[in-house]
Amino acid sequence: MNRIDFIKKALATTGAVSINALSTKPEARPALPIAQIGFNHLPLENNTTMNTVLHKAATRGHANHGWLDTNHTFSFAHYYDPTRTHFGQLRVLNDDFVDGGMGFGTHPHDNMEIISIPLLGDLEHKDSMGNAAVIQQNDVQIMSAGTGIYHSEYNKNKDSKVNFLQIWVFPKERNITPRYDQITFKPEDRVNKLQQIVSPSKTDDGVWINQDAWFHLGNLTKDFTTEYSIKQKGNGVYAFIINGDVTINNQKLNKRDGVGIWNTERISIHANSEAEILLMDVPMN
Amino acid sequence: MKNILVIGRHPQILETVVRLINSQPDMKAIGALSDDEAKKVFGEQTFDLVLIGGGVEEKSEAGLKVFFEKINPRIKIIKHYGGGSGLLFNEITEAIYATKK
């Protein structure tokens, strides 16, 4: 018995593969999708099933400039990965550690919603609209760059690092008048709860954003389980694990991992340890 | 060398973006504050990319696109976000190296 006949016989008895698959002339078959993740993490046009994209912490772009140690979930500055340029309208998620007294000098932005969430230390902000403020843990700051602004961000303290998340979301409406806002949130209001910190409604909880986006923070105790319902049809949610171990829709995640999920109405969240999470609910198109 | 035309209504931001691009050895930028200025420069020189930035109204943007594509149907035109700390060169790289459909 030659090799082909041997394999045909072996497979025929298992029923695992059609014998035709071993024919020297391939049988024409419709192409099967090899993945459900669309280009740039956007849903494929005819895809109605749930999709996810996983970004483990160690796969993020990393740059150490001495005074700035930063991790980029999406392409930013000299980190460029064409498969990781955004998640829907979420364009930037940077995890920045800035040395004492150092920071980002005055630089311009336009048409971008910029959210800063300090995790440790004090961050000093000044901008061309005349705003000067220090934000710290439990504060959330937002700036709509609109037609254009300049701003600077420095570590207020000389002797300790500041760690903050810098998040950029594409605006819903371009060329609006630049604006700035910040709110201090009570940490006790997010223990085993999802605390809304960003919203598109001026009368709702959280800082206002010029986009159909909602952000929530949660401090979860071990074994706490909850669900999050996506706020708007066509939105997806990007979950970023600030600390701890969490399972989201059966995907185990650890500190600084991120997962994006779309084409679903809700996600399940289970804390495998004490954990802090950030959920960013953003339009996918 | 990649030649880039930058259009924006905010003089300081336009100046910063042009300066940032010109700091790259393989890129050369020219800035234009008005549509007329942009059209004039585009007619006189060959560009690989046009960046349209803050303050340019949607009507202007649409008109400029039509004008540029009439002269050069393969011109790549993208929005920029002020050049602040990181996105500018990502957007340029993506636009220049992506194939225009």
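Me: In what order do the seven strands of the open sheet in chain A stand?

Reply: This is a predicted model: local features need pLDDT of at least 70, side-chain atom pairs count only at pLDDT 80 or more, and totals for chains, interfaces and linings use all residues. Residues are numbered from 1 along each chain as its sequence is written, chains are lettered from A and ligands numbered from 1 in the order in which they are written, and side-chain values use heavy atoms, without hydrogens and water. Strands are DSSP runs (E, at least two residues; helices are H or I, at least four), numbered from the N terminus, and two of them pair if DSSP finds at least two bridges between them. Here the pairing is antiparallel, and the order is β2-β3-β4-β11-β6-β9-β12.

Me: Which are the edge strands of chain A?

Reply: An edge strand of this sheet pairs on one side only.

Me: How many bridges join β4 to β11 in chain A?

Reply: β4 covers residues 90-98 and β11 covers 162-169, and they run antiparallel. One pair to look at is A:Asp96, opposite A:Phe164 in β11(A). The bridges joining β4 and β11 of chain A number eight.

Me: Which side chains of chain A and chain B meet in a salt bridge?

Reply: Side chains of opposite charge can pair when their charged atoms come close. The rule asks for a side-chain nitrogen of Lys or Arg within 4 Å of a carboxyl oxygen of Asp or Glu. Across this interface it finds one such bridge. With N to O at 3.5 Å, the partners are A:Arg91 and B:Glu91.

Me: Which element gives the largest share of the side of chain B that touches chain A?

Reply: Two helices of chain B, α1 (11-22) and α4 (87-97), each supply at least two residues of that side. The largest share is five residues, and it comes from α4(B).

Me: How much area do chain B and chain A bury between them?

Reply: Counting contact as heavy atoms within 4.5 Å, 24 residues of chain B meet 23 of chain A. Buried area is the accessible area (1.4 Å probe) that two parts lose on being put together, summed over both. Carbon and sulfur atoms hold 53% of it here, and the total is about 1900 Å².

Me: In which helix do B:Lys40 and B:Glu44 lie?

Reply: B:Lys40 and B:Glu44 form a salt bridge, with their closest N and O atoms 3.1 Å apart. They're four residues apart, about one turn of the helix, and that helix (residues 35-44 of chain B) is α2.
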